[in-house]
Amino acid sequence: MISLRLKSVLTSGFRTLAAAVVLCTGFAASAQTAPYKFDFGVDLGMSGYIGDANGSNIFKRPGFDGDLSFRYNGDTRWAIRGMFSTFGLSGSTEGMANVLPDQAVYTFSSQIYELSARGEFNFFAYGIGETYKRLKRWSPYLTVGIGAALASSGGNTYVAPTIPMGLGIKYKLSERWNLGVEFTMTKAFNDHFDGADLADLNLIKTAFYKNTDWYSRLTIGISYEFGKRCETCHYVD
């Protein structure tokens with residue numbers, strides 16, 4: 001079973017992250033308009049799992065992660081991002097301190113497909129432009145959102161709502177090209193993403209806290225901006 005202390009730290013940390021995103025809204029009022037409305041990106045990296053078969057090391061059994069993203073740039077501080085992700089999760093109870101009845105050992109391997117929508121807040125006004133605009137070519141950012149994921153494990157499929165939360169840093173390679181690194185932790189509201197055998201090891205049928213499946217992703221990605229805004233538009237009746 002996942003360490004209660006680790007669960008408490010994760011829960012507290014991501015509550016703080018979500019609160020920080022909300023509090024940051026006050027800084028967006030003075031943001032500059034982003035020159036391009038949209039961007040499309042590709043991310044690659046590794047995925048990890050925390051649950052009944054792993055209570056400590058997130059990337060003990062890393063999997064491959066691939067993402068496609070579409071982002072609407074509201075301004076230089078805020079963006080809304082849609083993502084499709086697929087990645088692998090795996091784990092084993094072998095060597096865990098929590099010894100199971102009859103010394104049983106369980107292993108699993110799952111393939112996850114997730115759709116999510118996220119809000120992003122840049123700490124700096126992100127962009128390239130004239131000095132007076134005070135734009136920064138790089139910026140750390142926070143992200144939080146909602147999603148839905150489908151897990152395929154042991155011949156069965158499971159669907160659950162998810163809450164992805166994370167942080168990253170982005171850098172403008174040029175006016176339209178961006179490079180980014182991002183770490184996210186996602187809470188899955190289902191205890192079956194690590195397979196049926198690990199769904200209820202302690203025979204607690206209804207307790208919410210037994211739904212212990214989390215997954216993490218560390219990715220590096222590149223994106224291209226398009227849909228230039230008209231800075232001085234003239235309308236004719």
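Glu114 forms a salt bridge with Arg217, and their closest N and O atoms are 2.8 Å apart. Glu114 lies in strand β4 and Arg217 in strand β8 (residues 214-228), so the pair ties together parts that are 103 residues apart in sequence. Glu114 is buried, with a relative accessible area of 0%. Arg217 counts as buried too, at 2% relative accessibility. Both values fall under the 20% cut-off for "buried". The model is predicted.

## The overall fold

The protein has one helix and eight strands. Along the sequence, the pattern reads α-β-β-β-β-β-β-β-β. The eight strands close into a barrel, in the order β1-β2-β3-β4-β5-β6-β7-β8, with antiparallel pairing. On average, neighbouring strands of this sheet are turned by 25° against each other, direction ignored.

What holds paired strands together? Strands of a sheet pair through backbone hydrogen bonds, either parallel or antiparallel.

## Strand by strand

Start with β1 (residues 36-50) and β2 (residues 63-73). They run antiparallel and are joined by 10 bridges. Val42 has Leu68 in β2 as its bridge partner.

Next come β2 and β3 (residues 78-92). Nine bridges pair them in the antiparallel sense. Phe70 has Gly82 in β3 as its bridge partner. β2 and β3 form a hairpin, with four residues between them.

Then look at β4 (residues 107-122) and β5 (residues 138-153). These antiparallel strands share 13 bridges. Here Asn122 has Tyr141 in β5 as its bridge partner.

## More charged pairs

Side chains of opposite charge can pair when their charged atoms come close. The count for this protein comes to 10 salt bridges.

One of them joins Arg71 to Asp39, with the closest N and O atoms 2.8 Å apart. Arg71 sits in strand β2 and Asp39 in strand β1, 32 residues apart. Both residues are buried. Another joins Arg81 to Glu120, with the closest N and O atoms 3.3 Å apart. Arg81 lies in strand β3 and Glu120 in strand β4, so this pair ties together parts 39 residues apart in sequence. Arg81 and Glu120 are buried.

Which residues form a network of salt bridges? Asp39, Asp43, Arg71, Arg81, Arg118, Glu120, Lys170 and Glu182 are linked in this way.

## Contacts and surface

Of the protein's 237 residues, 44% count as buried. Among contacts with a separation of 6 or more, 68% come from residues 24 or more positions apart. The protein exposes about 12600 Å², and carbon and sulfur atoms supply 62% of that area.

Notes:
Residues numbered from 1 in each chain as written. Predicted model: local features only at pLDDT ≥ 70, side-chain atom pairs only at ≥ 80, totals over all residues. Heavy atoms only, no water. Pairing = 2+ DSSP bridges. Helix = DSSP H or I, 4+ residues; strand = E, 2+ residues; numbered from the N terminus. Axes fitted to C-alpha atoms, helices over the stretch in contact; angles between N-to-C directions. Buried < 20%, exposed > 50% of the residue type's maximum accessible area, 1.4 Å probe, protein only. Contact = heavy atoms within 4.5 Å. Areas by Shrake-Rupley, 256 points an atom, 1.4 Å probe, with all protein chains shown as cover. Salt bridge = Lys/Arg side-chain N within 4 Å of Asp/Glu carboxyl O.
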